[in-house]
Structure formats: C-alpha cells, structure tokens
Amino acid sequence: MTTPALEVKGLDRFFGGLPAVKDVTMTVQPGERRLLLGPNGAGKTTLFNLIAGDFPPTQGAIRIFGQDVTRKSPNQRTHLGMARTYQIITLFAKNTLLHNVVISLMGLTDLRFNPFSDLRRQTKLWDEAQRMLGLVGLSHLAERTVSETSYGERRRLEIAMALAQKPKLLLLDEPLAGLSADERVDVQRLLQSIPRDVTIIMIEHDMDVALAFADFITVMQRGQVVVEGTRAEVVADPKTKEVYLGH
C-alpha cells in the first residue's frame, strides 16, 4: 500500500473563538495534482499555513509521507521534502534573482548555521541556483535585482526557490494571481513541466485552470470541505455551483 504524500485528519484552527479551518480531513497521494478551490475566506491559505507549520492546529493531525509533523517546525517539514510559495510574494527585493535562489538553497545545508561563511566561495550553490533559474526561464535575468523585475517574473522566481529545495510535496498558493494572460500561460507551462515525482497542491480561483491542472479537486467554504472528487465529479456536484459559481 502506497504511503500518502499528505494526510490531514480532523484539522481545526480557531482565531479568537472563530473557526478558520474546521474538521478538515484530506488525503493526497504521491504524484497527485490537487487543487483547492473556494471563495475568499474559505480557509484555503489557513490550511496551507497549518500544513507548512507556520502555526499549529487547534486540533487534528498532519502527516507528510507517513511522518507525523503536527508539532514539527517549518524547517523540519522542509527536510522531509515539503516546500511552498505564498499568496503574497516574499522575496529579497534588493538582491539579485540568483542570490535569492542561493539563499533558498542554503536552507538545506549547514551553511544556514554559519553566519561567517563566504557565499562567494560556494560555487556549487551558485551553479545550482543558475540551473534552477533556467528551469523557470529566468537565466537571462540572473543578475537583475528583484525590484527591477515584473510581477510575473517574481512569481516564477518564487517557484524556482521552492523547487530549489528539491521538494517531494509542493504547496503553491495562488501562483497565477495577478498575472497577465501571457504570464499565466508561461507559469501554467512551467507547472505542467514539473515531474510527477513531485506532488503538487495548489490554491486557485479559476475553474478553467482547475480543469486543466488537477487530478482531484477539494472545494472549501467557511473553513470546511464541502465537495471533493475528480474534476468531473466536482463540476457535476450542485454544491460546487452553489459555493463556487454562486448559483
């Protein structure tokens, strides 16, 4: 029997007595493309924050590749093969794209504990960072600072930084949000090129993207899972129209 990439059981998170996530249970298999859909405030990003370890659940359990990570730190989860991007881009704006990826790569090495290390001598890190920029089509901008790039280029950089951590489980929080039509096409192509040995869970609002990307879809509303299934099952379910399409 295959060990799931992610198991979430009975997950709750309350803020000031109000449930942001309520009794969420979900299983994602290795290699799966899972999409989280739902209106603003449905609890999708809060669920991501719980899975990533940004804050603990009020109740429930989280397993990554069979290991209980409910009380483990984000860094410990990274070493188990999890990486994520954020709804609001978090980059070092004054540094070059290449330097941003190098910093991401450092998270998997002992260099993060050594403030006196001379990064310029870490040629393997710089070579690997250049390779990761190539994967997302940003090699030609390697020496440009983040503040000099477009929003779409920053989205691709953030994905490069996540991929640099060699994840087996990748959480993408609205990677297409705010992009132009051309930029969306570029990022969608990039996501489709990620090999199936990486399990991807993605938050998105666009139903067309869901149908093109996802193997399975989970629809949330008011912190709870209301519909879950294959693309065909979710589209056919009247609850999806009620929650997601508004009628």
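This short talk covers the pockets and the nonpolar cores of one structure.

The model is predicted, so to speak by the record: local features need pLDDT of at least 70, side-chain atom pairs count only at pLDDT 80 or more, and totals for chains, interfaces and linings use all residues. Residues are numbered from 1 along each chain as its sequence is written, and side-chain values use heavy atoms, without hydrogens or water.

Pockets first. On a 1 Å grid over the protein atoms alone, a pocket is an open set of points where a 1.4 Å probe fits, with protein on both sides within 12 Å along at least five of seven lines; lining residues have an atom within 4 Å of a point. The largest pocket has a volume of about 420 Å³, volume being the space filled by probe spheres set on the points, joined across faces, edges and corners. Its lining has 20 residues. Nearest its centre are Arg84, Tyr86, Thr90, Ser104 and Gln165.

The second largest pocket holds about 240 Å³. It is lined by 13 residues, with Met132, Leu135, Leu163, Pro195 and Val198 closest to its centre.

Now the cores. A nonpolar core is a set of buried Ala, Val, Leu, Ile, Met, Phe, Trp, Tyr and Cys residues joined through side-chain atoms within 4.5 Å. Buried means under 20% relative accessible area, with a 1.4 Å probe and protein chains only. The largest core has 46 residues. Val101, Leu133, Leu157, Leu170 and Leu191 have the most contacts inside it. Apart from it lies another core, of 25 residues, including Val21 and Leu36.

Notes: Buried means under 20% relative accessible area, exposed over 50%, partly exposed in between (1.4 Å probe, protein chains only).
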